[in-house]
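The structure under discussion is shown first.

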Amino acid sequence: MIDIQLLRSDIETTKEKLASRGFDLDATTFQSLENTRKALQVKTQDLQEKRNSISKEIGIAKSKNENTDALMASVNAISDDLKTGESDLAELQEKINQFMLNIPNIPHESVPVGKSEADNKIVKVAGEPRKFNFKIKDHVDVGAQHGLNFDLGAKLAGARFVVMEGKIAKLHRAIAQYMLDTQTDKHGYKECYTPYLVNSETLIGTGQLPKFEADLFSLAHNESKLYLIPTSEVTLTNFVRDEVVKQSDLPIKLTAHTPCFRSEAGSYGKDTRGMIRQHQFDKVEMVQIVHPDKSYDALDEMVSHAEFILTSLELPYRLLSLCSGDMGFGAAKTFDLEVWLPSQDTYREISSISNCESFQARRLKARFKSEDGKNLFVHTLNGSGLAVGRTLVAVIENYQNEDGSITIPKALVSYMGGAEKI
């Protein structure tokens, strides 16, 4: 969540910054909550001072062997009022907390101002799209003869699921393994295996709850609820929840290969063909937990780590700086990588890399102890390195041959047992 002091000190400027990303801050409700909070705190402090004063009188009276019944009755009455006031204050604090949990992050000053993806800024374009001398097929048609089976996926689970068999399943696994090896061996991330089911506290920490529950799959569990992870950003970032880490331990760099589960609420009708928008897909995630002074250097580094995968697979792509209106809820700044898909004659998102600054850390209570002994919030960053399914789509389409075979990118040949084509 954002720092509440921004609302207390300059709510109009904060409201204006949030408006740039399409969020209308309810300043009236916040001011009403704040005024009530201040009144309750003043009342509580007055009662505490009054109780302390009478307690001193009781001590003096007892030293003089005077009757203290009336004074004791006053103290007891004040104590009852204090309990009521403290209960009211705690209830109000929870209302303020819920209000704050629904406010998105404030965009960094370098973020382009805009309303939609049309306002995103192209930072660079890399690689030259291949020129085909035959009629291009999309990944659905090319993949069908190699074991990409959407009909079986629909039979087993419904729309937006896929089954992979044989060589296409091996290629999917090879892509994931190559990404993991690259991020760990070359870029210094620690490989992790994490739960695919998490509790609500975990999702509150990274910002999916309470605002985006409709985007999640959940199930009842022992009178509580567990959620399937939408990305391993959720689990990896929560490693530092309620922790105070040593400054010397920063940066913390974590990666994991997991399935991701998304209900895609509100996206019905979009990308209904193929693997672009699935309820279940695999991703190799990168997470960094860093010193606040170094988070924008870390953001650039993570972008380069994702770019390396695309470059080494010789896939054309472009890098975008997302505008304020197109960024995710918790991001202060986001770069998207989009890969070239020949069948669509356009670039499609394959990685999103974000600096959340202290937004998630404040929700997580994730801090580090600075050199002067203060507990300060870390900055958290996350990004795809990359989405495995979409990378498979890009490989199938960019490396397709006229006879329906698929050439294996050089970087993946060793992961395919030496096969250069399927």
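## Thr231 and its surroundings

In this predicted model, the side chain of Thr231 makes a polar contact with the side chain of Lys283, at 2.9 Å. Thr231 lies in the loop between β7 (224-228) and α8 (233-237). Its relative accessible area is 4%, and because the limit for a buried residue is under 20%, Thr231 is classed as buried.

Leaving aside residues up to four places away in sequence, Thr231 touches Cys260, Arg262, Lys283 and Glu285.

## Thr255 in strand β9

Thr255 belongs to strand β9, which spans residues 252-261. With a relative accessibility of 0%, Thr255 counts as buried. The side chain of Thr255 reaches the backbone oxygen of Glu285 at a distance of 2.7 Å.

The residues touched by Thr255, not counting those up to four places away in sequence, are Leu180, Gln183, Thr184, Tyr189, Lys190, Glu191, Cys192, Leu236, Val284 and Glu285.

## Glu191 in strand β4

Glu191 is located in strand β4 (residues 190-191). Glu191 is partly exposed, having a relative accessible area of 48%, whereas Thr255 is buried.

With residues up to four places away in sequence not counted, Glu191 touches Leu180, Thr184 and Thr255. Leu180 and Glu191 are separated by 11 residues in sequence, and their C-alpha atoms are 7.6 Å apart in space. Leu180 and Thr184 are also touched by Thr255.

## Packing of helices α6 and α9

Helix α6 (residues 166-186) packs against helix α9 (residues 295-312) at an angle of about 130°, and their axes are 11 Å apart. Because of this angle, α6 is oblique to α9. The crossing of the two helices is right-handed.

On the α6 side, the contact is made by Tyr178, Met179, Thr182, Gln183 and Lys186; on the α9 side, by His305, Phe308, Ile309 and Ser312. Classified by residue type, the contact of α6 with α9 has 4 nonpolar, 4 polar and 1 charged residues. Gln183, one of the α6 residues in this contact, is also among the residues touched by Thr255.

Notes:
Residues numbered from 1 in each chain as written. Predicted model: local features only at pLDDT ≥ 70, side-chain atom pairs only at ≥ 80, totals over all residues. Heavy atoms only, no water. Axes fitted to C-alpha atoms, helices over the stretch in contact; angles between N-to-C directions. Helix = DSSP H or I, 4+ residues; strand = E, 2+ residues; numbered from the N terminus. Parallel < 35°, antiparallel > 145°, perpendicular 65-115°, else oblique. Left-handed = near helix turned anticlockwise from the far one by under 90°. Contact = heavy atoms within 4.5 Å. Nonpolar A, V, L, I, M, F, W, Y, C, P; charged D, E, K, R; others polar. Buried < 20%, exposed > 50% of the residue type's maximum accessible area, 1.4 Å probe, protein only. Polar contact = N/O pair within 3.5 Å; in protein donor to acceptor, adjacent residues only side chain to side chain.
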